[in-house]
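Hi,

Here is the structure I said I would pass on. Have a look at it first, and then read on for what turned up.

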Amino acid sequence: MSAVTWWGAARQGGCWDDGDGAAGDVRRRRAGRRLNRAIGKQVKVLRERAGLTQKELGDRLGYSEDLVSSLERGRRTPQREFLEAADELLDAGGLLTATIEDVEAAKAKARVRHPAWFRDYARLVASAVEINFFSTLAPPGLLQTEDFVRTLLNGRQPLLSEETIEQRVVSRLARQEILTRWPLPMVTAVIDESVLRRRLGGRKVRQGQLERLLKSGRLRNITPQVLPLDCEENSGVDGPFVLLTPKGKQQVAYLEVQGVGQLITDPEQVRILAARYGSIRGQALTPRESLALMQELLGEP
């Protein structure tokens with residue numbers, strides 16, 4: 001059996017699984033989103049009653065301001081840990097914890113359906129103890145803001161339906177929760193400088209994304225580095241890739257281009273990519289220098 005598995009995405013003839021699913025699946029996802037919005041409104045009312053901003057609430061609970069904002073708007077499914085902590089902090093008297101059973105039931109009924117070629121990768125990410133990104137076109141998905149995700153999906157060709165875009169936004173944001181779930185996965189990300197300078201989505205979207213990368217880089221389990229444009233050596237000219245180490249399993253690699261994903265499990269091929277990644281990190285700016293560059297770019301008009 002080949003150690004390299006390919007997932008092709010045929011976009012016509014009914015072979016492309018864009019996540020819309022059957023009518024029943026759509027109804028269940030919509031019901032889940034309505035539940036999320038209702039809980040989000042409750043969190044907002046309780047937060048404002050306590051006189052806290054979204055940032056203040058996030059700081060006290062150990063979550064980002066972006067996550068709190070997304071939860072209040074119903075963009076993310078609240079996790080048990082958040083609901084329990086917020087209920088206690090906001091003196092909700094069990095109002096939020098009472099929703100946990102309904103939230104988990106809705107999640108079970110409306111599991112996000114990724115494109116077929118992406119599902120195995122998504123499962124590996126969910127159980128990863130170490131993730132290493134080399135990104136040359138966009139920031140790693142786990143570090144993207146909601147606005148940036150929407151910008152990417154809105155620009156896809158052929159055009160995606162609004163239902164599909166909404167589903168994939170929720171799905172990508174939900175996957176980011178592994179970054180704050182204990183035990184924390186160790187994450188490194190080498191991002192090409194061109195990614196940071198590209199004004200995809202406009203100034204506001206770009207600045208929000210830079211702020212997100214800066215915040216992520218200050219977390220103890222995430223180490224971003226920038227590969228500068230004036231670097232005279234670049235071991236990553238063959239393109240972006242991801243190295244994953246699932247819990248209790250051997251490291252694997254993942255490549256994706258033009259709607260096709262490739263999961264590499266052959267030990268020798270993974271070893272070569274891991275060695276290449278080591279070279280790329282050596283050619284990149286140090287983490288401190290990288291954060292300084294991001295801060296500089298954030299101040300540009």
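Let me start with a definition: rings of Phe, Tyr and Trp (its six-membered ring) pair if their centres lie within 6.5 Å. On that basis, Phe134, Phe241 and Tyr277 form one aromatic cluster. Bear in mind throughout that this is a predicted model.

Mean pLDDT for the protein is 86, with 87% of the residues at 70 or more. The part to be careful with is residues 1-22, where pLDDT stays under 50. The model does have 54 contacts beyond four places in sequence for that stretch, but where pLDDT is low, the predicted coordinates should not be read in detail.

Now the overall picture. The protein has 301 residues, 47% of which count as buried, and its secondary structure comes to 12 helices and 7 strands. Taking contacts between residues at least 6 apart in sequence, 75% join residues at least 24 apart.

On to the inside. The largest nonpolar core has 32 residues, and the ones that touch the most other members are Tyr121, Ile131, Phe133, Leu196 and Leu244. Helix α12 (residues 287-298) gives the most to this core, contributing 5 residues. Another core lies apart from it, with 18 residues, including Leu57, Leu61, Leu71 and Leu96.

Beyond its neighbours within four places in sequence, Leu196 is in contact with Ile191, Arg206, Leu210, Leu213, Val226, Met294 and Leu297. Two of those names come up again in the strands: Ile191 stands opposite Val226 in β4. Strand β3 (residues 186-192) pairs with β4 in the parallel sense, over 6 bridges. Strand β4 (residues 222-227) has 5 of its 6 residues buried, so the rest of the structure largely encloses it.

Back to the aromatics: searching the whole structure gives 4 aromatic pairs. Tyr63 and Phe82 make an edge-to-face pair, 5.3 Å centre to centre with 75° between the planes. Tyr63 sits in the loop between α2 (54-61) and α3 (65-72), while Phe82 is in helix α4 (residues 80-89), so this pair ties together parts 19 residues apart in sequence. Both Tyr63 and Phe82 are buried.

Tyr121 and Tyr254 are arranged another way: their ring centres are 3.9 Å apart and the planes are at 15°, so the pair is stacked. This one links distant parts of the chain, with Tyr121 in helix α6 (residues 119-126) and Tyr254 in strand β6 (residues 252-257), 133 residues apart. Tyr121 counts as buried at 9% relative accessibility, and Tyr254 is buried too, at 3%.

Finally, some backbone details to check. Most residues other than glycine have a negative phi, and most peptide bonds are trans. Which peptide bonds are cis here? The one from Gln157 to Pro158 is, with omega near -5°, and so is the one from Trp182 to Pro183, with omega near 0°. Pro158 lies in the loop between α7 (146-154) and α8 (162-175), and Pro183 is in the loop between α8 and β3. As for phi, Asp91 has a positive value, near 55°. Asp91 is in the loop between α4 and α5 (100-109), and it is exposed, with a relative accessible area of 62%.

Over to you!

Note on methods: Residues are numbered from 1 along each chain as its sequence is written. This is a predicted model: local features need pLDDT of at least 70, side-chain atom pairs count only at pLDDT 80 or more; totals for chains, interfaces and linings use all residues. Side-chain values use heavy atoms; hydrogens and water are left out. pLDDT is the predictor's confidence in each residue, from 0 to 100. Contact means heavy atoms within 4.5 Å. A nonpolar core is a set of buried Ala, Val, Leu, Ile, Met, Phe, Trp, Tyr and Cys residues joined through side-chain atoms within 4.5 Å. Buried means under 20% relative accessible area, exposed over 50%, partly exposed in between (1.4 Å probe, protein chains only). Helices (H or I, at least four residues) and strands (E, at least two) are DSSP runs, numbered from the N terminus. Two strands pair if DSSP finds at least two bridges between them. Rings of Phe, Tyr and Trp (its six-membered ring) pair if their centres lie within 6.5 Å; planes under 30 degrees apart count as stacked, over 60 as edge-to-face and the rest as tilted.
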